[in-house]
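Below is a short briefing on a structure.

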Amino acid sequence: MIRTEFLSKSFGKLNVLKDISTEVKQGEVVAIIGPSGCGKSTFLRCLNLLEMPTRGRVYINDVDITSPKTDVRKVRQNMGMVFQHFNLFPHKTVLDNVIYGPTKVKEIPKGEAEELGLKLLAQVGLSDKAGVYPSRLSGGQKQRVAIARSMAMQPQVMLFDEPTSALDPEMVKEVLDVMKGLASTGITMMIVTHEMGFAREVANRVLFLDSGGIAEDAPPDIFFSTPKSDRACQFLEKVL
Amino acid sequence: MEVNLFEAILNSPPGFVQAFAQASMPTLGQTGGINLDFSKIAPDVPYILSGVWETLRFTLTSAIFGFALGTVLAIFKISEIKPLKWFADFYTSIFRGTPLILQIVLIYYATPQLTGFAISAFIAGVITFSLNSAAYTSETIRGGIAAVDRGQREASLTLGVKYPLMMWDIILPQAFKNILPSLVNESIALLKDSSLVSVIGVEELMRRSQIIAGQKFIFFEPYIFVGAVYYVMIMGLTWFAERFERRMRLSD
């Protein structure tokens, strides 16, 4: 599904990612964790080319998306992304946010898209907010709309870049619950997160990144109970 | 009405100087002193006032074309295609680096020489003002685009939205909202500067007051009157803009 080969990214002289080679299979829910500045977000953003890798390759369904011949726009339609700061379109209503992709990119008729949009809003528990503007929503509600907006493109993969980091503590759960529901549908998910409890419960694989490389790659029960590397031990000591 | 530049220059500034001299040195002339008598221009008020329409029509047309062209230039300026960026930067430097009045006379008098076809003073004025205003607004719009949160672009990209659509639907509406006050200021400047096209004979407010001043050989009354008309127009525009801005803010 997703494969990286020697993926590297530098910003000037700073090497953020160093030769990351890994593979994610269809239906896997991968939690990407690690200390801040370890390159988690950059790694995720390289997967849909929001950041252009400096070296190495990224394959999505065996297509090399770093090749100039690949239509990145097509690839991205198949990979939803949820951001730390939601990035909803402030001048569009909640429903218009959700149906923007389907109507303008996939060119689905508006009525059909609205039906899909309302269904998705119901799934994230926000049917009653369809007509309001994002500024009227709480952070947790905004993030649930953002998830619905990404899901409206019916992607194969969902990327989450610290989806709960900007939320007030009491709103974290409502977003995690939506994500938990999503994970059970069998969609491939990659989640950069600081929510260790969530990673442990929902993910079926943990990637522990440290200074730009994958320091550990294990199922959550093994990673959280018996981490192999010293860095992972130190990290878990601090966060658990 | 065709009026050449020479005549226009002859008509106004010396006349003004003369009026000033008469007013400040009452002993020099029998008509000296500030004896404002607006009844002298009363019959000409409708004639001058009908210039309001001409001024507004001129300003509005120039503002619309200037805004559209300014948007295109702003998009050039943020383009990754370097020659487009160079062109837009060069264009802006030319129109900001030379006097507006020079641009007006150059376009009005040089176009027939260049193409063999004369253009009306109104058209020449609109062309000049649109081109000039575009140079200024393009900088404002570029700033407005840069101020839109980066996340908006990223969210559009991840949905697979094409660049032109992203600009049109997502980025520009937010950019325009941010720069609305600056755009209003630009329009006010445009309205005031529109008086400059009097030099090529467009019969807007300024030109009409000059004509009356020249005909009757009185200067204070028509110029003060037309000054008041400009003032009222600009205050009206400012008031309207403030209200509009407040309403826009309410929708946040």
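**Strand pairing and sheet**

Strand S7 (residues 157–161) and strand S8 (residues 188–192) of chain A pair in the parallel sense over five bridges; strands pair if DSSP finds at least two bridges between them. Helices (H or I, at least four residues) and strands (E, at least two) are DSSP runs, numbered from the N terminus. This is a predicted model: local features need pLDDT of at least 70, side-chain atom pairs count only at pLDDT 80 or more, and totals for chains, interfaces and linings use all residues. Residues are numbered from 1 along each chain as its sequence is written, and chains are lettered from A in the order in which they are written.

- A:Phe160 has A:Ile191, in S8(A), as its bridge partner.
- In chain A, six strands form an open sheet of mixed pairing, in the order S6-S7-S8-S3-S9-S10.
- Strand S6 (79–82) and strand S10 (213–218) of chain A stand at the edges with a single partner strand each, so one side of each has no neighbour in the sheet.

**Chain A overall**

- Chain A has nine helices and ten strands.
- Its radius of gyration (over C-alpha atoms) is 18 Å, close to the 18 Å that the globule rule (2.2 Å times the number of residues to the power 0.38) gives for 240 residues, so chain A is as compact as a globular protein of that length.
- The C-alpha trace of chain A spans about 55 × 45 × 30 Å along its principal axes.

**Chain B loop**

- B:Phe38 lies in the loop between helix H2 (13–24) and helix H3 (45–77) of chain B.

Definitions and conventions. Heavy atoms only, no water.
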